[in-house]
Amino acid sequence: MTSALAFAHRATRTWFEASFEAPTVAQAKGWPAIASGASTLLLAPTGSGKTLSAFLVAIDRLSFRPPPARRGVRVLYVTPLKALGVDVERNLRAPLAGIRATATRLGIACRDVSLG
């Protein structure tokens, strides 16, 4: 599992390993490309971990990397359906809270990441 999470801060890896048995195929294949900055298309069935595939790299970077010198939007998610956007937001609340709690438990500074 470590190689799929090579991009992640220790607190993110610790949270993931405590929360999931292993990355899904979509996550294991998607994270290296996403972390490298490459344009990435994940095609996988519902419930295959695509949301976390798409967002864990961003959550990790927003939480633990220094902020850029300029303020502003750092991640923009565009969805064709309002209901899908609501589902994505709801699905990201647990990882955000879990990573923040893990970092606190480990004594690691973690910035708050806001949705919306």
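## Thr102 and its partners

Apart from residues up to four places away in sequence, Thr102 touches Ala11, Thr14 and Trp15. The structure is a predicted model. Thr102 lies in helix α4. Its relative accessible area is 6%, so Thr102 counts as buried, the limit being under 20%.

Thr102 can also be placed relative to Arg13. Along the chain, 89 residues separate Thr102 from Arg13. In space, their C-alpha atoms are 9.6 Å apart.

## The crossing of α1 and α4

Thr102 is one of the residues through which α4 meets α1. The axes of these two helices, α1 and α4, come within 8 Å and cross at roughly 115 degrees. The crossing of α1 past α4 is right-handed.

On the α1 side, the contact is made by Arg10, Ala11, Thr12, Thr14 and Trp15. On the α4 side, Ala94, Pro95, Gly98, Ile99, Thr102, Ala103, Arg105 and Leu106 take part. Sorted by type, the residues of this contact are seven nonpolar, four polar and two charged.

## Leu96 in α4

Leu96 is also found in helix α4. With a relative accessible area of 8%, Leu96 is buried. What does Leu96 contact, leaving aside its neighbours within four places in sequence? The partners of Leu96 are Ile59, Val113 and Leu115.

The distance from Leu96 to Ala11 is 11 Å, C-alpha to C-alpha. In sequence, Leu96 and Ala11 are 85 residues apart.

## The largest nonpolar core

The largest nonpolar core has 24 residues. Among its members, Leu5, Phe7, Phe16, Trp31 and Leu56 touch the most other members. Which elements give two or more residues to this core? They are α1 (10–19), α2 (25–36), α3 (50–64) and α4 (82–106). The largest share, seven residues, comes from α3.

Is Phe7 buried or exposed? The relative accessible area of Phe7 is 18%, so Phe7 falls under the 20% limit and is buried.

When neighbours within four places in sequence are left aside, Phe7 is in contact with Trp31, Ala35, Leu56, Val57 and Asp60. Phe7 and Trp31 are 24 residues apart along the chain. The C-alpha atoms of Phe7 and Trp31 are separated by 7.8 Å.

## Aromatic rings

How many aromatic pairs does the structure hold? There are five. One of the pairs is formed by Trp15 and Phe20, whose ring centres are 5.7 Å apart. The planes of Trp15 and Phe20 stand at 80 degrees, and the pair is edge-to-face because that angle is over 60 degrees.

The two residues of this pair fall into separate accessibility classes. Trp15 has 8% relative accessibility and counts as buried, whereas Phe20, at 35%, is partly exposed. Trp15 is also one of the α1 residues in the contact with α4, and one of the residues touched by Thr102.

Ring pairs join Phe7, Trp15, Phe16, Phe20 and Trp31 into a cluster.

How values were computed
Residues numbered from 1 in each chain as written. Predicted model: local features only at pLDDT ≥ 70, side-chain atom pairs only at ≥ 80, totals over all residues. Heavy atoms only, no water. Core = buried A, V, L, I, M, F, W, Y, C linked by side-chain atoms within 4.5 Å. Buried < 20%, exposed > 50% of the residue type's maximum accessible area, 1.4 Å probe, protein only. Helix = DSSP H or I, 4+ residues; strand = E, 2+ residues; numbered from the N terminus. Contact = heavy atoms within 4.5 Å. Phe/Tyr/Trp six-rings, centres within 6.5 Å; stacked < 30°, edge-to-face > 60°. Axes fitted to C-alpha atoms, helices over the stretch in contact; angles between N-to-C directions. Left-handed = near helix turned anticlockwise from the far one by under 90°. Nonpolar A, V, L, I, M, F, W, Y, C, P; charged D, E, K, R; others polar.
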